[in-house]
Amino acid sequence: MRRIALAAVCLLTPTLLAAQTTIGSGNGSSIGTFGHGATATYGQTFTVPAVDARLDNFSFWLEQGPAINFRAYVFAWNPTLQRATGSALFMSDVMSGPAGAGYSEVAVSTGGIDLTPGGIFVAFLSTTGETGSGTTRWSSTGADGYAGGAFVYFNNGTAAQWTTQSWDGGSGNFQAPGGDLQFAMTFNAADVSTVPEPASMALLGTGLIGLGGVALRRRRRA
């Protein structure tokens, strides 16, 4: 019975325990100009961790000023063609900000999207298709602080161009060769929220009952 209990715990451990991986890079310099009437799309390419492949959230840091309207997106990335590919894996509601002075974190919750371990993707903000005015600048590292991706940007006119034309950046053709935006991304195991199947729960219950029986017999012997 102890073997059954051990098997039950081992079976459920990947489901019940959550792993977490955070990637990102710090600040160092300012880069712009992003917004309405300027460069519409700024983003960061990244490589998905080998184990924790569910992207739960990501953040960028923008200079506070006149509030602008934009959305956040996640796409697969084609490093050879230097452009997004396929359909949007995530698109946020319209976001507005930041306003004030200095730099402010713009945090985006994806609700959890499962990505391909080791795959290359791009997370970005864009004013494409949104009404409004104003521009802002972003916080960047000014260097290649994160080896798994790079800052990319696009003076696109339509959203369709994200997947049909090459973007700029990513190969060192901006202020800081090989640089990154200041960003942070949190990944978790893809099955962390999975509900155990009835058969698994039954096995766990059998194992726990078995452990209880062993403990009772030991007390009686004592």
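This is a predicted model: local features need pLDDT of at least 70, side-chain atom pairs count only at pLDDT 80 or more; totals for chains, interfaces and linings use all residues.
Local features need pLDDT of at least 70, side-chain atom pairs count only at pLDDT 80 or more, and totals for chains, interfaces and linings use all residues. Residues are numbered from 1 along each chain as its sequence is written, and side-chain values use heavy atoms, without hydrogens and water.

A nonpolar core is a set of buried Ala, Val, Leu, Ile, Met, Phe, Trp, Tyr and Cys residues joined through side-chain atoms within 4.5 Å. Buried means under 20% relative accessible area, exposed over 50%, and partly exposed in between (1.4 Å probe, protein chains only). The largest nonpolar core has 32 residues. Phe 46, Leu 55 and Trp 138 are among those with the most contacts inside it. Another core, of 10 residues, lies apart from it and includes Tyr 73 and Trp 167.

Leu 55 touches residues well beyond its neighbours within four places in sequence, including Phe 46, Val 74 and Met 185 (contact: heavy atoms within 4.5 Å).

The structure holds 21 aromatic pairs. Rings of Phe, Tyr and Trp (its six-membered ring) pair if their centres lie within 6.5 Å; planes under 30 degrees apart count as stacked, over 60 as edge-to-face and the rest as tilted. Phe 34 and Trp 138 form an edge-to-face pair, because their ring centres are 5.3 Å apart and their planes stand at 80 degrees. The two residues are 104 residues apart in the chain. Phe 34 is buried, at 0% relative accessibility. Trp 138 is buried too, with a relative accessible area of 0%. Both belong to one aromatic cluster, which also includes Tyr 42, Phe 58 and Phe 90.

Methods: Helices (H or I, at least four residues) and strands (E, at least two) are DSSP runs, numbered from the N terminus.
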